[in-house]
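Subject: A structure for you to explore

Hi there,

Here is the structure I promised to pass on to you. Have a look at it first, and then read on for what turned up.

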Amino acid sequence: MLIFEQSAPGRRALAQWPRIPTDTAINVPSELLRQKPLGLPECSELDVVRHYTRLSQLNFSIDTEFYPLGSCTMKYNPRGAHRAAMLPAHLARHPLAPINHSQGYLQTAYELQEMLKTVTGMQAVSLTPMAGAQGEFAGVLMIQAYHRDRGEHQRNEMLIPLAAHGTNPASAVMCGYTVREIALTAEGDIDLDALKQALGPKTAGIMLTNPSTLGIFERQISEVADLVHKAGGLLYYDGANFNAILGQVRPGDMGFDVMHLNLHKTFATPHGGGGPGAGPVAANAKLAPYLPVPMAACEHGQYRWLTQVQRPQSIGRLSTFMGNAGVILRAYAYARMLGAEGMQRVALFATLNANYLLSRLQKIGYTPGIPHRLAGHEFVLSLQKLKQATGITAMDVAKRLLDFHIHAPTVYFPQIIPECLLIEPTETESKATLDHFVEVMDVIWAEAHASPDHLKQAPHHCPIRRVDEVKAARELDVVWQAKTEVREEVI
């Protein structure tokens, strides 16, 4: 029931109302004052508390359910990192506080920059981007600024492999580039012949992640880097899949020039729900001068911000102040808790869990999207053969998983794999959880062959049954109107 449907005239919850003196003058022109009530629901405080508590209990959450959501790294993040970000002194600090009152926060920012330099193999790091997508946008702007300063204005093409993240072409286009897609081999690697044909004087760079969204490691990354650099282009690394390589191999050592990191996927901020996020950008010596400001610096034991005054080649500011402070603090605490040895275990367990699931699901009958390749931290299944045999689609399997209190994996992405499921168990799930997931997938496999109609009608036990996705997208209705208002409009 909607909160509006619980409303009754005259109900109030006055305890939370602001106390405004009745004689306070309203310095607003009369023509700007509302002429009729806002139309908010009228409910008691208890009704409101119960309503929103019930809504929260209807949601999937990483605290209650397994989230094998490929490409998103929906993992458990330690509460200790959250507590660090909630320390009173950090919460009370105003972003405009003077430097001498901000030494503690500046020290954490500076030390996090240094740690991220170490794990990425880059020369410098800026923490200011407010999300992974903004960090990605910043990296492309830096490539653009580099070529502009060299007078190479003809470089207006960005190369993007078919297994890249969907935001990569969007960021390139936003910066004014023309996107050229690069084909893959049958085994999922970049087709070097196609890359050679695409490279030329117009090439600004290439954007990719390693492992790719197919969940496999690009085995020819050194050759790719050499070819792009010889053509005068630069390499951008999308850090969304960084869990797979943390502490094992560094993008800087692969030949990348600039990259972003998703702190909300790899470094302990809960992912999803639209935020919060942070997307620090790291760059080698060639692109470091173009990093966005401000950046934390340490001189003679004192910490301060570096602005465009000290870094005149910077692409400038990307946020009002200096990035998402709460996410930065969580990342700092998480990195400190892990240490160098712990960071290595992140990638080891992420890849171990993914390959364990892939092996067991293959034994049931599920088909890997790229056969005979080990998984990174995630892997792709193709349900095309299952669909041909039973009519069951990837969407049907995804919906049925909800009945077993398991969030659906990513479906139909990457699009180059037919009837695709992209599955990422993350490094934080136990073997018992993974085994339960396999058991459920085994049940669904049997249902697909024995009772496909039952599967096509799933989910059966969720608050909302299957919806018409096309209608929901094209005729989205999220505005409530009282019936009396609707009748008056009709008349």
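A residue is called buried when its relative accessible area is under 20%. Please keep in mind that this is a predicted model.

By that cut-off, Tyr-146 and Tyr-290 are both buried. Now for the aromatic pairs: the count comes to nine. In one of them, the ring centres of Phe-66 and Phe-437 are 5.5 Å apart and the planes stand at 80 degrees, so this pair is edge-to-face. Phe-66 sits in the loop between α1 and α2, while Phe-437 belongs to helix α14, 371 residues apart. Phe-66 and Phe-437 are both buried.

Tyr-146 and Tyr-290 also form an edge-to-face pair, with 6.5 Å from centre to centre and 85 degrees between the planes. Tyr-146 is in helix α5 and Tyr-290 in the loop between β7 and β8, so the pair ties together parts 144 residues apart in sequence.

Next, the pockets. The largest pocket holds about 880 Å³ of space. Its lining has 26 residues, and Ser-7, Gly-39, Leu-40, Pro-41 and Glu-42 lie nearest the centre. Helix α1 gives the largest share of that lining, with four residues. By class, the lining has 14 nonpolar, five polar and seven charged residues.

The second largest pocket has a volume of about 520 Å³. It is lined by 18 residues, with Leu-58, Phe-60, Cys-462, Pro-463 and Ile-464 closest to its centre. Here α1 and α13 each supply at least two lining residues.

Enjoy exploring!

Best wishes

Technical notes
Residues are numbered from 1 along each chain as its sequence is written. This is a predicted model: local features need pLDDT of at least 70, side-chain atom pairs count only at pLDDT 80 or more; totals for chains, interfaces and linings use all residues. Side-chain values use heavy atoms; hydrogens and water are left out. Rings of Phe, Tyr and Trp (its six-membered ring) pair if their centres lie within 6.5 Å; planes under 30 degrees apart count as stacked, over 60 as edge-to-face and the rest as tilted. Buried means under 20% relative accessible area, exposed over 50%, partly exposed in between (1.4 Å probe, protein chains only). On a 1 Å grid over the protein atoms alone, a cavity is a set of points where a 1.4 Å probe fits but cannot get out, and a pocket is an open set with protein on both sides within 12 Å along at least five of seven lines; lining residues have an atom within 4 Å of a point. Grid points are joined across faces, edges and corners, and a volume is the space filled by probe spheres set on the points. Ala, Val, Leu, Ile, Met, Phe, Trp, Tyr, Cys and Pro count as nonpolar, Asp, Glu, Lys and Arg as charged, and the others, Gly among them, as polar.
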